[in-house]
Amino acid sequence: MTTSPTTRPPLPAVQLRVPIDEDAHAWHRVFDDADVMEFLGGPAELSFYEEITARQRMHDAQLGHCLWTLLDGEGEVLGFTGAQPWPAAKAWGPVGRIEIGWRLGRAAWGKGYAYAAALATLERLREVGVGRVCAVIDVRNVRSVAVAERLGMTPGEEIAAPGGRRARLYELTLAGA
């Protein structure tokens with residue numbers, strides 16, 4: 001009996017762009033779902049997304065990377081992916097380190113978008129000389145854990161997150177950075 005190697009379906013087409021003003025509304029729309037925000041404290045107000053998209057434009061201008069708006073092959077907003085410095089204002093987590101992250105609306109789940117976008121993010125980070133990234137993932141978030149593991153990230157310490165939640169730190173050294 002012969003077996004054939006397992007093949008994965010091709011990755012979906014993704015585009016990453018620096019967030020524009022309208023993306024605050026798009027992010028608010030696709031993330032206004034209790035399941036999408038289950039591990040992030042629940043849905044947020046539009047003003048939160050207005051502030052975060054403005055901050056991401058600043059990060060991109062200063063660092064060459066940010067949380068980019070994630071678009072599908074037809075230009076529809078699916079969410080975001082990218083990397084940003086973990087803010088010193090947070091009283092927990094890997095302060096000062098570069099955190100990679102992804103958040104997709106429910107309609108995009110299970111289709112390979114998060115992994116494809118994370119790969120594109122890692123390539124962009126290498127191009128601007130980022131040598132190491134981390135991800136802070138709620139221990140119950142099996143979808144994000146699967147993406148991190150597929151990227152080759154190494155699980156590290158478990159840390160306390162706000163609201164009594166537990167998160168795990170994942171790390172990855174970027175070759176060629």
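Author: First, a cut-off: buried means under 20% relative accessible area, exposed means over 50%, and partly exposed is in between. Also, this is a predicted model.

Reader: Fine. Take Y113, then. Buried or exposed?

Author: Y113 has a relative accessible area of 15%. The cut-off for buried is under 20%, so Y113 counts as buried.

Reader: Where does Y113 lie, and what is it in contact with?

Author: Y113 lies in helix α3. Leaving aside neighbours within four places in sequence, Y113 is in contact with P12, A13, V14, L70, D72, L78, L104 and A108.

Reader: And how far is Y113 from F48?

Author: Their C-alpha atoms are separated by 24 Å. Along the chain, Y113 and F48 are 65 residues apart.

Reader: Switching to the core. Which residues have the most contacts inside the largest nonpolar one?

Author: I100, W102, L122, V133, L151 and M153. That core has 30 residues. Two or more residues each come from β2, β3, β4, α3, β5, α4 and β7 (166–173). The largest share, seven residues, is from α3.

Reader: What does L151 touch?

Author: Not counting residues up to four places away in sequence, L151 touches W102, Y115, A118, L119, L122 and L172. Apart from this core lies another, of 13 residues, with A24, V36, Y49 and L71 among them.

Reader: Now α1. Which residues are buried there?

Author: D23, A24, A26, W27, V30 and F31. The buried residues of α1 pack against β1 (14–17), α2, β2 (67–72), β3 and β4.

Reader: Okay, V30. Why does it count as buried?

Author: V30 counts as buried because its relative accessibility is 16%, and the cut-off is under 20%. V30 sits in α1, which covers residues 21–31. Beyond four places in sequence, V30 touches V36, V77, L78, G79, G105 and R106.

Reader: What about D33, buried or exposed?

Author: D33 is buried, at 18% relative accessible area. D33 is found in the loop between α1 and α2.

Reader: What does the side chain of D33 reach?

Author: The backbone nitrogen of D35, at 2.7 Å. Not counting residues up to four places away in sequence, D33 touches P43 and R106.

Reader: And V95, where does that lie?

Author: V95 lies in the loop between β3 and β4. V95 is partly exposed, with a relative accessible area of 43%. With residues up to four places away in sequence not counted, V95 touches W86, P87, A88 and K90.

Reader: Last topic, the largest pocket. How many residues line it, and which lie nearest its centre?

Author: The lining has 50 residues, and L40, W102, R103, V136 and N141 lie nearest the centre. About 1,300 Å³ of space lies in that pocket.

Reader: Which elements supply at least two residues of that lining?

Author: α2 (46–63), β3 (77–85), β4 (98–104), α3 (113–127), β5 (132–138) and α4 (142–150).

Reader: How do the lining residues divide into nonpolar, polar and charged?

Author: The lining has 30 nonpolar, eight polar and 12 charged residues.

Reader: One more. How far apart in space are V30 and N141?

Author: 18 Å, C-alpha to C-alpha. In sequence, V30 and N141 are 111 residues apart.

How values were computed: Residues are numbered from 1 along each chain as its sequence is written. This is a predicted model: local features need pLDDT of at least 70, side-chain atom pairs count only at pLDDT 80 or more; totals for chains, interfaces and linings use all residues. Side-chain values use heavy atoms; hydrogens and water are left out. On a 1 Å grid over the protein atoms alone, a cavity is a set of points where a 1.4 Å probe fits but cannot get out, and a pocket is an open set with protein on both sides within 12 Å along at least five of seven lines; lining residues have an atom within 4 Å of a point. Grid points are joined across faces, edges and corners, and a volume is the space filled by probe spheres set on the points. Helices (H or I, at least four residues) and strands (E, at least two) are DSSP runs, numbered from the N terminus. Ala, Val, Leu, Ile, Met, Phe, Trp, Tyr, Cys and Pro count as nonpolar, Asp, Glu, Lys and Arg as charged, and the others, Gly among them, as polar. Buried means under 20% relative accessible area, exposed over 50%, partly exposed in between (1.4 Å probe, protein chains only). Contact means heavy atoms within 4.5 Å. A nonpolar core is a set of buried Ala, Val, Leu, Ile, Met, Phe, Trp, Tyr and Cys residues joined through side-chain atoms within 4.5 Å. A polar contact is a pair of N or O atoms within 3.5 Å; within protein, one must be able to donate a hydrogen and the other to accept it, and residues adjacent in sequence count only if both atoms are side-chain atoms.
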